[in-house]
Amino acid sequence: MILTPDSSSSSGTPQPSGWFAQCSRLTATKSWWQFGLIFAVTLGLSAVALTDFTIAIDNDGWISRGTTIAKRSTQYFILQDNADDLALTGRDNDALWNALVTEVQPNFSDSPTEEDENDTRRRRELSRHLQDSSSSTTTMACRDELFQDARILEESYHLAPLWKTTTSSSSILEPNVVSSICQAELNTLSVLFDHDLCVRDCVDPDNKCLAPYSIVWFARLQVKDYQSALSCNDLATAWSKIRTEIEDALVVCVREIKETYTTDGTFVLPGSCPDGFSTALVEETFDETTRVSQHSVSIFPTVWDESNKKETTEKLYNLVDELDHGDDLIIEGAYDNERQSLGIYMTDIAVQSDMILAMGSGVITSVAILLHTKSPWITLVGLFQIILSFPTSYFLYTFVFGLSFFPFLNFIGVFVVFALGADDVFVAMDKWKNARLDYPTASTTEIAAIALPDAAGAMLLTTTTTAVAFFATAICPVAPLKCFAIFCGLLVVLDYILCV
C-alpha cells in the first residue's frame, strides 16, 4: 500500500494507490461478479482434477516412489523376481539386464510379490505334508477329511493367532507353554462354536469344532493322542517326556530346510522333520545353540462367507476380546488372519473416526467464525474458501507437480487448512473493523482499499512461513510424507489466494 501526502479524500480518508488497492476497490464494487468468477473457475478446475481421483489407503505407499530409494527398490524387485533367469548362462538376458540397469518404474502394483508367492508355496507345502501325516495316522479324527484337498490351508481367511512367549528365555516348546496355548485354543474354539464360525469336527459336529493346526496338535501327534483325549495338563506331562527327543529332531529338520529350500515349487520337507511339522511352528532362528523359539502360529479352520466378507470380518472382529489370548504370565496371543482382515477392519474404523473428528473441527471452526464476524454470509464464504482449496490444490498436485499417488495421510491437511483459513478470515475481518473505526465516514470502497491490502500483507507472512515449512518437508524420500508435505503446502497457498 502506498500513501502520499495528498492521497486523501475531502473527508480525510487516505486514498492508497497501487495494484493491491485497485483490486480491493474492484472487490468492493463488483464483489458478486468476482465471487462468481472465482467460484466458476474453481469448480471447473475441481471437475477436471477429480475425474480420476483415487485414494491409496494401502501400506505399499510407504515404499518411496520417484526417489532414489524407489529406483533402488525397483531394481531390487526386478532382480529378485528374475534371479533364476539372470543367473543362468547361455540365455539371452540382454533385455532383462537392460531393464534392471536403466528402467525406473513404480515398484507398487496389485501383482503378487515374491514374498507373497513364497507364502503361497509354503502353505502348499504345509498342506501336502499334513495330508501325508494324516494319511499315515488314520485314527487322527477328521484329518483325512480336512486335508484330502491340499488347498485347504492355502486359503488366507483362516483365523491364525500368533503366539509369543512373555520372556525371551522361554520357548514355545516348553510344556507349560504348550499347556497354556492348549487351554487358550479350547476357549477360543468354544467361542467360535457358539457363533458358528468354525469348521465342525466330523466325528462330533454337533458339539465340537475341528481342532486348529498348531504346536498343540503337533504335540498330540507326537505323543499319539490322536483322539485329543488328554487334558492340557496331561498333554504337557506327556510332552515333557519326549520333548528333548523332538527338539533334537527339529534342530536337524530346521537346518536341512535352510540348506535345501528352493523357490521353484518343488521343495518338500526333509525326512528328518517329525510328522505334522511345518515352518509355522517354530522360528527360523531355532538351532542347536538356542533351542528357543518364542513365536508360533495356530491355524483355526474358519467358516468364511466370501460373498459377504465384510459381515464375516465384522463378526470376527467383535469377538476378538472374547477369544483367549493366553496366560499373560506365560504366553501372549494376537488374533488375525493372513489377509489381515481384522487389522484392516480396525484401521477402517479408526479412519472413519478420524474423519468424524475432521468434520467436527469444521463445525467448530464455522461456529468460531460466526461468533467472531457475527455474519452468516461471511461465515459461509469463509467455509467455501476453505473447502474449495482442496480440489484446486489437488488440480495443481496432479497436473503441475505430476503426482498421481494420493495417500490417505493427505487428509490430515483438513485440520491445517481449517485453522489457517479461519485465521485468514479473522485477520481480514479485524483489519476491516479497525479501518472502519479509524475512518467512520469513509465509503465501503475506501475502507476496502485501506483494510484489504493491509490484511493481505499480514496473512502473507503466516502463509509463507507455514507453506515453506511444508514444502521443505518434501525432501523426505518416503512417498506418503513427501506427498503430504506438497499437498498441505498447496492447501495453505491456495487458501490464501482464495481468501484475498
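Predicted model: local features only at pLDDT ≥ 70, side-chain atom pairs only at ≥ 80, totals over all residues.
Residues are numbered from 1 along each chain as its sequence is written, and side-chain values use heavy atoms, with hydrogens and water left out.

**Overall picture**

- The protein chain's secondary structure comes to 16 helices and three strands; helices (H or I, at least four residues) and strands (E, at least two) are DSSP runs, numbered from the N terminus.
- Out of 500 residues in the protein chain, 42% count as buried. Buried means under 20% relative accessible area, exposed means over 50%, and partly exposed is in between (1.4 Å probe, protein chains only).
- Take the contacts (heavy atoms within 4.5 Å) in the protein chain between residues at least 6 apart in sequence: 72% of them join residues at least 24 apart.

**Helix H12**

- H12 covers residues 341-373, which makes 33 residues, and spans 48 Å from its first C-alpha to its last. That is close to the 48 Å expected at 1.5 Å a residue, where the expected span is 1.5 Å times one less than the number of residues.
- Its buried residues are Ser341, Leu342, Tyr345, Val351, Ala358, Ser361, Gly362, Thr365, Ser366, Ile369 and Thr373.
- The cover over those buried residues includes helix H11 (309-319), helix H13 (376-400) and helix H14 (413-438).
- Just past the end of H12, Lys374 has a positive phi of about 55 degrees.

**Helix pairs**

- Two packed helices are described by the angle between their axes and the distance between the axes. Here, axes are lines fitted to C-alpha atoms, for helices over the stretch in contact, and angles run from 0 to 180 degrees between N-to-C directions.
- H12 and H14 pack at about 5 degrees, with their axes 10 Å apart, so the two are roughly parallel to each other. Angles under 35 degrees count as roughly parallel, over 145 as roughly antiparallel, 65 to 115 as roughly perpendicular and the rest as oblique.
- Residues making the H12–H14 contact include Ala358, Ser361, Gly362, Thr365 and Ile369 of H12, along with Phe415, Phe418, Phe426 and Met429 of H14.
- H13 and helix H16 (residues 479-499) pack at about 130 degrees, with their axes 8 Å apart, which makes them oblique to each other.
- Among the residues in the H13–H16 contact are Ile386, Leu388, Phe390, Tyr394 and Tyr397 of H13, and Ile486, Phe487, Leu490, Leu491 and Leu494 of H16.

**Salt bridges**

- Searching the whole structure turns up six salt bridges, each being a side-chain nitrogen of Lys or Arg within 4 Å of a carboxyl oxygen of Asp or Glu.
- Arg220 and Asp225 pair up at 2.4 Å, N to O. Arg220 is buried at 7% relative accessibility, and Asp225 is buried at 6%.
- Arg243 bridges to Glu247, with the closest N and O atoms 2.9 Å apart. Both sit in helix H10 (residues 232-260), and being four residues apart they are separated by about one helical turn.
- In that pair, Arg243 is partly exposed at 22%, whereas Glu247 is buried at 6%.
- Glu247 also takes a salt bridge from Arg291, at 3.5 Å between the closest N and O atoms. This one links distant parts of the chain, 44 residues apart: Glu247 is in helix H10 and Arg291 in the loop between H10 and strand S2 (295-297).
- Arg243, Glu247, Asp248 and Arg291 are linked in a network of salt bridges.

**Positive phi in loops**

- Arg291 turns up again here, with phi near 50 degrees, a positive value in a residue other than glycine. Arg291 counts as buried, at 18% relative accessibility.
- Asp196 also has a positive phi, near 55 degrees. Asp196 lies in the loop between helix H8 (175-194) and helix H9 (215-222) and is partly exposed, at 47%.
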